[in-house]
Amino acid sequence: MQKLLALSAAAVLTLSGCVVHSYDVDDDPTPVVVVPANYAPQILDAYAEVAYDNYNMDDIWYFEATVDDLDGAYDVISVWADVYDEYDGTWVESFELFPTNDPLVWYSDWLGSTTYLDPFYPSYSVDIVAYDTYEDYDAITILPLTY
């Protein structure tokens, strides 16, 4: 009788479509994290200068950078111009550059009256820094053209 009950229970489980999964001891349930390859941006050229604008009757500071990235020019997400006083090494001011119609060129200009910069001071240096999507960056230091 017990054999009959065991066989009928086995038949019911088999006919119900019950599937049992088990993990082997060698299976590792730890997920594999795939880190995509990323290349840092490259600043190909940069320029900074101050010039007088007759229309606004004010000085205008110009910042421009040409930036590329092996992941594509659109991988670059921001470019900054950080101005330092070379006399004592202090930071003076930062300026954000904006993308133009050319995906490699970033540019901005600022009225002199809205900045802390002196157009006659000869000891500024400008760090142009470009960041990409994965926060890799490239930086170069240039000297701006002043009066």
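Q: How many aromatic pairs does a search of the whole structure find?
A: Seven, in what is a predicted model.

Q: Take F95 and W110. What sort of pair do they form?
A: A tilted one: the ring centres are 5.4 Å apart, and the planes make an angle of 50°.

Q: Which strands do F95 and W110 lie in?
A: F95 lies in strand β4 and W110 in strand β5 (residues 105-111), so the pair ties together parts that are 15 residues apart in sequence.

Q: F95, buried or exposed?
A: Buried, because its relative accessible area is 1% and the cut-off for buried is under 20%.

Q: And W110, with its relative accessible area of 28%?
A: W110 counts as partly exposed.

Q: What about F120 and Y147 as an aromatic pair?
A: F120 and Y147 form a tilted pair, with 5.1 Å centre to centre and 50° between the planes.

Q: Where do those two lie?
A: F120 is in the loop between β5 and β6, while Y147 is in the segment after β7, so their pairing ties together parts 27 residues apart in sequence. Strand β7 itself covers 137-142.

Q: How do F120 and Y147 count for accessibility?
A: F120 counts as exposed, at 57% relative accessibility. Y147 is partly exposed, with a value of 40%.

Q: Which residues make the nonpolar surface patch of about 510 Å²?
A: F120 and Y147 are in it, together with Y52 and M57.

Q: Now the inside. Which residues of the largest nonpolar core touch the most other members?
A: That core has 22 residues, and the ones touching the most other members are F63, V67, V79, V83, L117, V126 and I128.

Q: Which elements give two or more residues to this core?
A: Five strands are on that list: β1 (41-53), β2 (58-69), β3 (76-85), β4 (90-99) and β6 (124-132).

Conventions. Residues are numbered from 1 along each chain as its sequence is written. This is a predicted model: local features need pLDDT of at least 70, side-chain atom pairs count only at pLDDT 80 or more; totals for chains, interfaces and linings use all residues. Side-chain values use heavy atoms; hydrogens and water are left out. Patches are made of residues with over 30% relative accessible area and no salt bridge: like charges are joined within 9 Å, nonpolar side chains (Val, Leu, Ile, Met, Phe, Trp, Tyr) within 5 Å. Accessible areas come from the Shrake-Rupley method with a 1.4 Å probe; for residues, only the protein chains shown count as cover. A salt bridge is a side-chain nitrogen of Lys or Arg within 4 Å of a carboxyl oxygen of Asp or Glu. Helices (H or I, at least four residues) and strands (E, at least two) are DSSP runs, numbered from the N terminus. A nonpolar core is a set of buried Ala, Val, Leu, Ile, Met, Phe, Trp, Tyr and Cys residues joined through side-chain atoms within 4.5 Å. Buried means under 20% relative accessible area, exposed over 50%, partly exposed in between (1.4 Å probe, protein chains only). Rings of Phe, Tyr and Trp (its six-membered ring) pair if their centres lie within 6.5 Å; planes under 30 degrees apart count as stacked, over 60 as edge-to-face and the rest as tilted.
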